[in-house]
Amino acid sequence: MGQQAIIIVALASLLVGISVTGFMGVWDYSNETTATLFEREQALNVSRSGVNLAVSQLRQQKSWRAGYTNLATAGGTVTVGIVDLGLDTVRITSVGTINNRTHTTVVDAKLSSIFPTVESALTVFGDSVHVSSSGKSFLIDGSDYRIDGTKSANPSVHGLGVQSGESAQDVITQLETQRGGSIAENVQGKGGAPSVGTFNTSNLNDLHQFYKDRATIILPAGKYASNTVIGSLERPEILYVPGDLEWRGTIIGTGILVVDGQLIMKGNIEWRGIVLAMSGDVTLELGGSGNPSILGTAWIGNKDPNKVTDVKVNGNPSIRYSYELLMTVLGNLGLLQVEMLRYYE
């Protein structure tokens, strides 16, 4: 009987020992699994942070492709690469690392601006367009220029855009018959000089109202002759003028200029970005004195399609298209959108 008791106690001890060992093993495994899952979740968060950083940068600068290498974020490091998939479509690959755990997130995104597609350096709305010039040295150029004023290898747009083929031919005739046809070569861009083409119909009224509603500066209508700096590439402005505007003097502006009437630029005026002028009859008069210039794009038109849109080009002004500048201005104004098309993890 005593021997049986000893055997029973020994077996019980063995079973308890096995149970405790097994329990401790499960506990260790459970702790390891929890730690592993936590690290994986952390790596996922780091990877997503890299995507968010890239999207934020692309909203400011559509052409940004530099990415990041071992950037410290969210308690780990992230490496982000960006490649073009097609026109305004990119793939963002973000690899997050923490405690030797990595996670990769891949996003295909479309980059777009809150702005119609720009198809010409100077876009003129209206069924009837009249272009006149009293000078020979002006330039309306749809070649793509960089911010520094040098030409890029990007495709050109038309120098001057109108709403219909009939209007385009009429404007070409005007350019080829004025001043012995010598000014036709001054309208350059897609298709060769004189570069005049049509554009897809856009709602100028909606665009005009959209920018007016977001004006950062309101300037009373009138005539101004002063030396002024308005905005910068880093902090562009949306300047709204509720009426006619005539500028003289030396003015350097960056952003979007919205005018509710006639726009006359004389003197040494330099505007970088977008110019949008609209009224019953619009006269865009550049030059006469000084060398006014627009780098980006200009849109002019009228509310009544039965009225003539006049473009008077005097002196030595220039309107040059710049994709890089437009995207920089729109980005820094927060008017670029990044649409997620596909998301892989």
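This is a predicted model: local features need pLDDT of at least 70, side-chain atom pairs count only at pLDDT 80 or more; totals for chains, interfaces and linings use all residues.
**Whole chain**

I started with the overall make-up. I get 4 helices and 21 strands for the chain. Of its 345 residues, 45% come out as buried. I then looked at how far along the sequence the contacts reach: among those joining residues at least 6 apart, 59% link residues at least 24 apart.

**S94**

Where does S94 lie? I find S94 in strand β3, which runs over residues 89-98. Buried or exposed, I wondered about S94? Its relative accessible area is 0%, so I put S94 down as buried, the cut-off being under 20%.

Next I checked what the side chain of S94 reaches, and got the backbone oxygen of S47 at 2.7 Å. S47 also turns up in the list of residues S94 touches, once I skip those up to four places away in sequence. The rest of that list reads G50, V51, V78, T79, V80, H103, T104 and T105.

**V131**

I moved on to V131, which sits in strand β6, residues 128-133. Its relative accessibility is 4%, and because buried means under 20%, V131 goes in my buried column.

Which residues is V131 in contact with, leaving aside neighbours within four places in sequence? I noted L160, V171, Q174, L175, Q178 and V311. I followed up V311: it is 180 residues from V131 along the chain, yet their C-alpha atoms are separated by 4.8 Å.

Notes: Residues are numbered from 1 along each chain as its sequence is written. Side-chain values use heavy atoms; hydrogens and water are left out. Helices (H or I, at least four residues) and strands (E, at least two) are DSSP runs, numbered from the N terminus. Buried means under 20% relative accessible area, exposed over 50%, partly exposed in between (1.4 Å probe, protein chains only). A polar contact is a pair of N or O atoms within 3.5 Å; within protein, one must be able to donate a hydrogen and the other to accept it, and residues adjacent in sequence count only if both atoms are side-chain atoms. Contact means heavy atoms within 4.5 Å.
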